[in-house]
Amino acid sequence: MTKFESSIKQIPYPQAAVYRNLSDLNNLEKVRDRVPEDKVKDFKFDQDSVTISVDPVGAITLRICEREEPKCVKFEAVQSPLPFNLWIQILPVTETTSKMKLTLKADIPFMLRGMVSGPLEDGLEKIADALAQIQYT
């Protein structure tokens, strides 16, 4: 398994509010308008899963496999060309602020590692940036 980590993002909201929003994927409705339609298609979600279609990869479905209130939400890939897991870690900084880091572990064949590592790192960082900009009220 190859491990990728985002940089740590500062969130101007309390840990509990961030966790509450990220542990229920129905809250993705708040960011639907920020999803670039030219890059992501067929954006669907419910409380526990999210599906997107990205060229040239195709459909990817993630499902929440574990919730560790108030500090972590773990996802597993249900439909993906490469098996992977994703963790969103949320830690308090003060009573009103928190910080977040994303970790992705993917089972990447050696021959593909050089081609997909850069785009995966870039994508993970963009997801972390987007999650850091959400209003968690």
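Predicted model: local features only at pLDDT ≥ 70, side-chain atom pairs only at ≥ 80, totals over all residues.
## Overall fold

The secondary structure of the protein consists of two helices and eight strands, and, read from the N terminus, these elements follow the order β-β-α-β-β-β-β-β-β-α. The radius of gyration is 15 Å, close to the 14 Å that the globule rule gives for 137 residues, so the protein is as compact as a globular protein of that length.

Along its principal axes, the C-alpha trace spans about 45 × 25 × 25 Å. Of the 137 residues in the protein, 37% are buried, and when contacts between residues at least 6 apart in sequence are considered, 49% of them join residues at least 24 apart.

## The largest pocket

Rolling a probe the size of a water molecule over the atoms shows where empty space is left. In this model, the largest pocket holds about 1700 Å³ of space. Its lining is made up of 49 residues, of which V40, I52, V54, G123 and I127 are the closest to the pocket centre.

Both helices and several strands take part in this lining: the elements that give two or more residues are α1 (15–22), β3 (40–45), β4, β5 (58–68), β7 (84–92), β8 (98–106) and α2 (110–132). The greatest contribution is that of α2, which supplies 12 residues. Sorted by class, the lining of the largest pocket comprises 34 nonpolar, six polar and nine charged residues.

## The second largest pocket

The second largest pocket has a volume of about 210 Å³. It is lined by 14 residues, and those closest to its centre are K71, Q89, I90, L91 and K101. Here the elements that give two or more residues to the lining are β6 (72–79), β7 and β8.

By class, the lining of the second largest pocket contains six nonpolar, two polar and six charged residues.

Leaving aside residues up to four places away in sequence, T51 touches D42, F43, K44, I60 and T61. With T61, the side chain of T51 makes a polar contact to the side chain of that residue, at 2.9 Å.

Methods
Residues numbered from 1 in each chain as written. Heavy atoms only, no water. Polar contact = N/O pair within 3.5 Å; in protein donor to acceptor, adjacent residues only side chain to side chain. Contact = heavy atoms within 4.5 Å. 1 Å grid on protein atoms, 1.4 Å probe; cavity = no way out; pocket = protein on both sides within 12 Å on 5 of 7 lines; lining within 4 Å. Points joined across faces, edges and corners; volume = space filled by probe spheres on them. Helix = DSSP H or I, 4+ residues; strand = E, 2+ residues; numbered from the N terminus. Nonpolar A, V, L, I, M, F, W, Y, C, P; charged D, E, K, R; others polar. Rg over C-alpha atoms; globule rule 2.2 N^0.38 Å. Buried < 20%, exposed > 50% of the residue type's maximum accessible area, 1.4 Å probe, protein only.
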